[in-house]
Amino acid sequence: MTLCRALVAVCCACLALAQARAQYLTTESGCLSCHKVPPPDNLFCRAVPVEVWAQTDKHSRAFHLLHETDPADPAKGDAKRTLVKQILGFDLAGAFDGPNYQRLKAGGDAETTRKVAVVKSCLRCHATWPIAADERYPTRPPAPLALGVSCQACHGPSARWDLPHREQVWRTVTPAGKAELGFTDVRTTAAKAGLCTSCHIGNLAEGKFVKHEWYAAGHPPLPSFELATFEAEMPMHWIPLAKKPKFEFRDDRPADEGALADQLDTLKRAGVPAAAIKPTYRAANFPDAAAKGLDPTRDLPQARSAVVAGAATLETYARLVGEYSRKSAAGEPGFAWPELALYDCAACHHRLRYDPALERRPMPRGVPGRPPLARWPQRGALLAAEQAAGYDAGQEADRWKTVRQPLAELEAAVLATPFGDPASMQMPAEALADALFQLAADASNTAFDAAAAHRAAYSLTDATHLETADYTSARQTAWLLRQLFAHQGNEDARRLFLDKGEDYLHLQLPSKQQGSVIGNLYRWLPAAAAYDPMRFRDELGVLRKSMPRDP
Amino acid sequence: MNRCPPFLLLALWPAWMLAADPWAASEPDPCLLVGTLSCASASCHGRPEPASRPLLPEGAFGERSDQEHRRDSTSPRPPGPARQTGPTSGAATINQQEYLHFLAGDPHAEAARRMTEPRYREVLRRASQYDPAAATRCAPCHDPLGHASESSHQSLGRGIGCESCHGAARDWLAVHYEQDVSRERLVKLGLIDTRQVLARAGVCASCHVGSPGRDVNHDLLAAGHPPLLFELASHQALIERKHWDDTARREREPNYEVQLWAAGQIASADAALSLLAARAEQASKSGPWPEFAESDCRSCHRPLRAESGSSSGLPAWQSWNTAGISPLGSLDVLRHEMQRSLVPQAAQVAGLAAAARTDLRQSVRLSPEGVLLCANGRPLDAAAVLERLDSAQPPNFDRACQELAALLAAGRSLGAPSDLARLRRIAAELRRDAPITEIAARLAAARREISDNLPARQP
C-alpha cells in the first residue's frame, strides 16, 4: 500500500514536473523588450537580434501563411485560404472559435473534434503548440498563434527560466540543467539540427509530419534542409560563439563570489540543480574540450553546422522512417502503409522521356523501379564520419561502418519489395538513428578549423564517392560546399555554382519575410526538372582540380 | 443488351459456330511447331521476286526517316494514312511471297537481331543486376522460336517466325494448301485466324500488352525497357510493307480501320486483365506487389509543379488499356479496388480481374464472320465508336491518346485529308505535353466535326 502510494506520488510529481516544464509565458512582449535593447555592458548578447527575428525571419509569419489577408493584396489572402482548404478538406476557420483565429473549438461533435485535431497537427509547425503543451493548453495556444514559430517554440516554454536566464551566471548552467527548467539547448549543433529538422523533415513523437496526401493536395514540398545554409538565410538572430568577444564567465569567474550571491539565489529559487551550475561557460558547455586540446569558441560556425548537422539531419530522417514503420507494422490507426512522403520524391516525380544522354548516366544505387529512401539526407552524414575519424582512412572506415551497416540493412529492407516491409524496416532504421546520434556527438567533439573545412569540401567534390544522380542531393552538396568555403570570404563562396551569374541549381532560398515559398517553387521545381547530373559532376571535377589535396 | 434481343443469341453463339474462336490465341505448343524454313520454301510463301522487281525494296534496310525512331517513346506513334501494299492488285504481288515481304518490311522480323543491340544488352544488364533470371523473361516475346527450340529440343531458328502469330503448324501444315479446305477446319487444327480482327488483336496483345509469362513489369521498365503502349490500328499502319494484302477488304469494309481499333481495345483490356490476375496470384509468392506497371505512368511520373492541383495522391489504374471499351460493372469494381490504396489486396484483385475478364468476353458481340457488332446488331462503325468516346470522363493523357487513335482510324477510312492533318497537329500537342484540358477540348471539337461529316461519307 505504501509502495503504491509512493508510486502514485512519484507519478504525480513527474506529471507536475512535465506540466511545469511545459508552462509558457503567454505574452512574449517580455522577450522583445529585453532582446531589442540589451544592456550595453552585456558582451554575450549585445547585438539587437530580436529585430532581425521580428522583421526578417520567416518563422514569425508561419501562422499568417495559413490565412492572413494582406491589406495591399487581398487576393493573396483568398489564395492562401483556398489552398489551405484544398489541403485540409475544410475551412481553417471552421476549427476556430470566433473569427480571429485565437482559440480552437472545444468539445462539439465528432467532425469538429476531427477538424480541431487536424488543425492542431498543422500548428505543431506553423505556430507554437507542441504536443507536450496540449494538456495545459487544450484550446488556447501556449503562445499567440499570430507570433508563428515564436521565441518559445524553439527556445522552450519560458515561465520557469524567464527570470534566471536574465542573470549572467545562467551561462554557467549546463544544457541539461537548463533543460530542467524547460529551456531548449540551441547551442549544441546536433541538438539545434534536431530541433530545426523536427519540422523541416518531421518528427512523429512531436506530431510533426507532412504526409503525401497533403503534398498531393497542394502543400508545397519541403525542400531539403542544410543547417548552415538555412541559418545564414534566416538570417541569424544570434552571434556565433567565435564572433563573440570574450564575455563574462566564458573562461573565468569574477573574483568577488559574494557579488554573485543574488544571482545564484535566483537560479536556486527557480529550481536549477546546484550540480548543474559550473564555474564557467566553458566548463558547463564543453566539459571534455580542454582535455582533448580543443577550443570550441574558435570553431568556424558554418563548418561545424554543415558537418555535424550532416549526421543529425539523417538521424531525424532515420528516426522518422523507424517510427512510422513501427507504428504502421503495429497497425496504429492513421499510419497506413506505405506512406509515400517517406521515399525519394524524385524517384517517381520525373518526366518520362527518352534521351540518349540518360543511357550514359550512372544508375543511382538501388533497384531500378523500386522507390528508394530519400537520398539527400545521406549527403552530409559521411562528412561527419570523416570528421569524427580525423580523416584517418582506417578509423574512418571503422567509424562509417557503424552507420553503413544499419543503412545498408535499411536500404535492403526498403528495396526487397515495392515500398519495403515496415516490420523489417523498423529495426535497422532505429539502429541507424542511434548510430547517427553517436556519430553527431563524436563529430561535435572535434576541431572545426580551416583545415577541417578544407577536408570536408575536398571530400564533397569527389562525385564518385557519393551520389549526385538527383537534383536534391546535388543542391545539398552545393549548399554544403558554399558553407565550407564561407570562411574564406562569403562573396567568393556565393559565386560557386553560378553559370555566368545564373543560379542554375536554384540555391537561393526564399529568405526574408517577403520571400514566398510558393513563389520559389516556380524557380526551383523547373531547376529540378532540368537538372543534368553529368554537368554537375563535371563542375565538381573542375572545383576539385582547383583545390590542393591537403589543407 | 435489352435494346437488342438478337444479341443475346450472338453473345451465346457457341465457338464452333463462329468462323473461329476469337479468344484462342495462346503461346503455341513448342512440340507442334515445324519452323519457318518449311513455310518459306520457294514454292510456298517464299517465291522469289521476278528479276524486274527488286527483292528488297527501298526502305527495307531501315533507311526510313529518323523521325520514326526519335519519337518520344511514351507517346503513341501517330499512324499515317493507310498505304496500299501493291501498285495494282495486291494479290498479284504478295501471293506466295509473304515471307519475303515479312523479312523486308516487318519490324517483327528484326526481333532476334534487336537482342544483339547495345541498347538491348544495357537494359538486360540493368535488369539482371537484381533479377538473375531477367534474361529468361525476354525470349517469349523477342525470341519465341529460340525459346521453343530449347524446350522442344529441335532447331526452329531464332526470333519471331510465321508460327509465332499463325499458330503451331504441325497439324495443319499438310492440310492448309488443300483446295477448298475450310477455315473452320484449319482453326480446329491449330491455325490462328488472323483475318478475324479480334483473333489478330489477341495475338498482338499477348506480347504488346502482355500475358502470363510475357510480363514487362515495372522492374523491367525501370531498367530501360520501352513502355508498352499498344493500339492495333496505328501499330499496323506503321508496318510499311505488310506481308498480307487487305486492299480488297478495305474496299469492301469501309470500317475496317475502326474495327481494328475496337478489336485492339478489347484485346488490350483482355490481356491486361489476364496479366493482372497472374500478377496478383504471384504476389503472395515471388512477384513484386503492388505492380506499378498496372498504373497510369503519368500519375506518378510527372515533374513536381508549382501550380497546385489537388489530387488524391493515388495512381490511376490501367488508363491506357481500358480506355476504349464499353462500361462494365465488374471492371468498375476492380478499378475501385485497384485505386483504393497504394497496395491493393492481391487475393481479392486476382478474383476481381478474372471476373471482369469473363464479363468483358461475354459483352463482346461478333458476327459469325468475326466482325465486331454494336448493341443494335449492326457492324461496329466509325459513328458508333465516336459516340462511345463521347463520355464525361475527366481528361487524361492515356485516354486522349486512345481517342486520337480512334479518330485517326475513322479518319483513315472515311475522313478528309484535312481531318488527318488536324489530328496530326493534336498528336504534336500531346507529344509536347500540352495541358490535357486543352487537348481534350480540341479532341472533342475534332470528334464532333468528323462525326457530323460521317453520314455523307458512309457508303
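1. A quick convention to start: buried means under 20% relative accessible area, exposed over 50%, and partly exposed in between, with a 1.4 Å probe and protein chains only. This is a predicted model, where local features need pLDDT of at least 70 and side-chain atom pairs count only at pLDDT 80 or more, while totals for chains, interfaces and linings use all residues. Residues are numbered from 1 along each chain as its sequence is written, and side-chain values use heavy atoms, with hydrogens and water left out.

2. Now to α15 of chain A, residues 301–329 (helices are DSSP runs of H or I, at least four residues, numbered from the N terminus). A:Glu315 and A:Arg319 sit four residues apart in this helix, about one turn. Their side chains form a salt bridge at 3.0 Å, N to O (a side-chain nitrogen of Lys or Arg within 4 Å of a carboxyl oxygen of Asp or Glu). A:Arg319 is partly exposed at 30% relative accessible area, whereas A:Glu315 is buried at 13%.

3. A:Glu430 is partly exposed at 22%, and A:Arg326 is partly exposed at 33%.

4. Over in chain B, a salt bridge joins B:Asp270 and B:Arg357 (3.1 Å, N to O). B:Asp270 belongs to helix α16 and B:Arg357 to helix α19, so the pair ties together parts 87 residues apart in sequence. B:Asp270 is buried at 7%; B:Arg357 is partly exposed at 26%.

5. For the tally, there are 54 salt bridges over all chains.

Conventions:
Chains lettered and ligands numbered in written order. Helix = DSSP H or I, 4+ residues; strand = E, 2+ residues; numbered from the N terminus.
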